[in-house]
Amino acid sequence: TPADREALRQAIAGGARVVVLDHRDLPAFLGQPIQRREEGLLAATAGDATSPLLRGLLTEDLRFWNTRDGDGIVHWNAIEIPTTGNARVHVASYRAAPLLELREGSGRVLFCQMNLSGALGLDPAADRLLANLLGWGEAPSPFAHKPTRIVSGDAAFVGALQSRFGVEAEVVDRLEADTPGAGRLLILSGR
């Protein structure tokens, strides 16, 4: 319902993490449109080799999965890689992302279009990926509980940090000589 979508949107903006598993019709609860491709593919590749979601997986593990249908499909309906917004492509496949993370406010949404429903219990790569997805929700946000100060006179820059990246910080126009630095994240703008 619209009320449920709005409650979910507010929860995400407030710091919630949401995992959306393979859908034919992606739920529209974010501020940006999500487009998907209607196709099933036999292979994908790491979009971000440092992704904790790919821990324990090799490139070869993202090809030709053992599935209930015996079709080898690794992912369905991959999401077109957004050209705007704050996205992290964990797994890529020809201008699309079957494993895509979007940030909204302080929260994050992970869209997984990998064929987990068809390969769980049959392909060890699907089992490993699901285990990694479940651990993703527990990983700390890079901004959680870290004293942060933004040094900038640029309101648009500060607004983007706060709304798009979820940075909660004290904002100052200039850095003072007595500003404590140990244990503090300082974000500086050159404008």
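Modeller: One definition to start with: helices (H or I, at least four residues) and strands (E, at least two) are DSSP runs, numbered from the N terminus. Keep in mind, too, that this is a predicted model.

Biologist: Fine. How many helices and strands are there in the protein chain?

Modeller: We're counting runs along the protein chain, numbered from the N terminus. The tally comes to 4 helices and 12 strands.

Biologist: And what share of the residues counts as buried?

Modeller: Buried means under 20% relative accessible area. The protein chain has 191 residues, and the share of them that passes as buried is 37%.

Biologist: Where is asparagine 77, and is it buried or exposed?

Modeller: Asparagine 77 belongs to the loop between β4 (75-76) and β5 (79-80). Its phi is near 50°, a positive value in a residue other than glycine. Most residues other than glycine have a negative phi. As for cover, the relative accessible area of asparagine 77 is 5%, which is under the 20% cut-off, so asparagine 77 is buried.

Biologist: Now arginine 95: buried or exposed?

Modeller: Look in the loop between β6 (87-92) and β7 (96-97) for arginine 95. Here, too, phi is positive, near 60°. The relative accessible area of arginine 95 is 55%, and over 50% means exposed, so the word for arginine 95 is exposed.

Biologist: What about arginine 37, buried or exposed?

Modeller: Arginine 37 lies in the loop between β1 (17-20) and β2 (40-41). Its relative accessibility is 18%, and the cut-off is 20%, so arginine 37 is buried.

Biologist: Last one: which ring does the charged end of arginine 17 sit over?

Modeller: To sit over a ring, CZ of Arg has to be within 6 Å of the ring centre. The charged end of arginine 17 is 5.9 Å from the centre of its ring. That ring is the one of tryptophan 136.

Note on methods:
Residues are numbered from 1 along each chain as its sequence is written. This is a predicted model: local features need pLDDT of at least 70, side-chain atom pairs count only at pLDDT 80 or more; totals for chains, interfaces and linings use all residues. Side-chain values use heavy atoms; hydrogens and water are left out. Buried means under 20% relative accessible area, exposed over 50%, partly exposed in between (1.4 Å probe, protein chains only). A charge sits over a ring if NZ of Lys or CZ of Arg is within 6 Å of the ring centre and within 35 degrees of the ring normal.
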